[in-house]
Amino acid sequence: MISFSKVWKRYPGGLEALRNITLAIEPGEMVFITGHSGAGKSTFLKLAAAIERPTGGSIIVNGQNIGAMRPGAVPYLRRNFGLVFQDQKLLFDRNAFDNVMLPLHINGFDRREAARRVRAALDKVGLLAKEKALPITLSGGEQQRLAIARAVVHRPAILLADEPTGNLDAGHATDIGELFRSFHQVGVTVVIATHDEALAARLQPRVVALKSGAVVS
Amino acid sequence: MRAWLWSHVDAFAGTLARLARTPVATLLNVGVLGIALALPAGFYVVLANIQGYASAFAADPRLSVFVKIGTPQKQTRDIETRLQQHSAVRSVRYIPRDDALKQLAERTGLGDVAASLAENPLPDAFVVEPRDAAPQALERLRDELRDWPNVAQVELDAQWARRLEAGLALARLAVLLLAALFAFALVAVTFNTIRLQILTRREEIEVAKLIGATDPFIRRPLLYFGSLQGLAGGLAAWAIVAVSLCLMNDGLAALSQLYGTRIELQQLGIQDGLSLLFFAAVLGWLGAWLSVNQHLARLDLH
């Protein structure tokens, strides 16, 4: 599903974020990318979602080589993904419902079907009662769940999450973990970059540890 | 296909909502565009009006032949006969001086003045319609008739209309230049509005791109924004021209009544008005398109 082969990522200025990464993630797998800050976890996710291009090596996602992709094809590749960003990237000028509606809008869904799916996604993360609320009025945990609802509303085959429990207390982090487990159980490939060891202990995923841009285990 | 159509409807409705959400900014922008378009459009209408009046006169050139005052009736008749037999003359109409005075009194409301005159100051006259309307032929005929005995003066009636026509050609060029300048202004104003739109919606654009929005999807609402704003500017311009002409017609009615005639400026025709709206929308779109191309690329999104 996602295959990295001898991938290097060097940023201008000489920083080597990833060094010679070779890694394959199978459909339906749950994988945690762990490591300290700066180990290259976020870069790994960005390369997988074609947000950045590798400096060397090849990345194949769904049979498509990201390094050789036309810019016009990237949006369609991204629609296979549900992305949960470290800073969530919620839109604060619209309510919860409209935030979750955005991916369906982009995918050109029929409106009635879209509204049904938005409510289903909000229900899944326990925010159905707050569909009219603006993100600013939601708590940190609720904002994170809203971001997850937006990531899964179009039922992507792959869920990529960057530090999804980063700013949450243990209770909320457990809720979020259960959400990811439920997506994994219905066959979604889940890739999570995190240093939350408690989460890893609970979900028992395959763990890929990075250190200074290289795979250590 | 249906999804594509819906996305257009969505972009259109979303843009209207966005324009309505900032009413003051929208009104000011539309006002600026309206004024910029109203100037050339207004001049165009006034020119078209003047042209309408001018062409009515310029179409059939005539010569007025004035007989010397005090010329005996018989000699005047001789002139008429000579004119009728002249090969370059199509028709001749005799206007006796008494009729001319009567007409003057009736038409211009100067009856009191005419009645108070001790004697009729007007000469006998002939209105001559030539066979050949070419300027050189007319001038040749005028010069010939001038030398006839008992002829005081020969006037080429169409001459002022020709001069006016030449003046109008110049004015049309000026309107065209003005229109080009203000079209540029419209594109520039739209360019900047869209730049601000892109900056204020930066986050939305960024997120949309990250979750799979295509470039056309991101451009669409911005292009609608430019076109709709241009269209609204065109409507404003049309309204400004229409109201100005109404006001001017009131003034003109009072003025022209004093001269015993009735001059009325025609409004911008439906076809011209629709062209105005069309061009305003297209220019708005163009400004938006230029801006989107410039600024979206600079956002450096992935």
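Two residues are counted as in contact if their C-beta atoms, placed from the backbone, lie within 7 Å. By this criterion, in the predicted model, residues 24 or more positions apart account for 70% of the contacts in chain A with a separation of 6 or more. Chain A contains 7 helices and 10 strands. Its radius of gyration is 17 Å, close to the 17 Å that the globule rule gives for 217 residues, so chain A is as compact as a globular protein of that length. The C-alpha trace of chain A spans about 45 × 40 × 35 Å along its principal axes. Of the 217 residues in chain A, 43% are buried, where a buried residue has 20 or more other C-beta atoms within 10 Å of its own.

Chain B is divided by the domain assignment into domain 1, residues 2–57 + 162–299, and domain 2, residues 61–157. The C-alpha centres of domain 1 of chain B and domain 2 of chain B are 52 Å apart.

Helix α6 of chain B covers residues 135–146. This helix has 12 residues, and the distance from its first C-alpha to its last is 16 Å, close to the 16 Å expected at 1.5 Å a residue. Three residues of α6(B), namely B:L138, B:L141 and B:L145, are buried. Viewed down the axis of α6(B), the buried residues fall within an arc of 65°, so they line one face of the helix. An α-helix has 3.6 residues a turn, so residues three or four places apart point the same way. On the other side of α6(B), the residues B:Q136, B:E139, B:D143 and B:E144 are exposed.

Terms used
Residues numbered from 1 in each chain as written. Chains lettered and ligands numbered in written order. Predicted model: local features only at pLDDT ≥ 70, side-chain atom pairs only at ≥ 80, totals over all residues. Helix = DSSP H or I, 4+ residues; strand = E, 2+ residues; numbered from the N terminus. Rg over C-alpha atoms; globule rule 2.2 N^0.38 Å. Buried ≥ 20, exposed ≤ 12 C-beta atoms within 10 Å, placed from the backbone. Domains from an automatic or database assignment. Expected span 1.5 Å × (residues − 1). Arc of directions from axis to C-beta.
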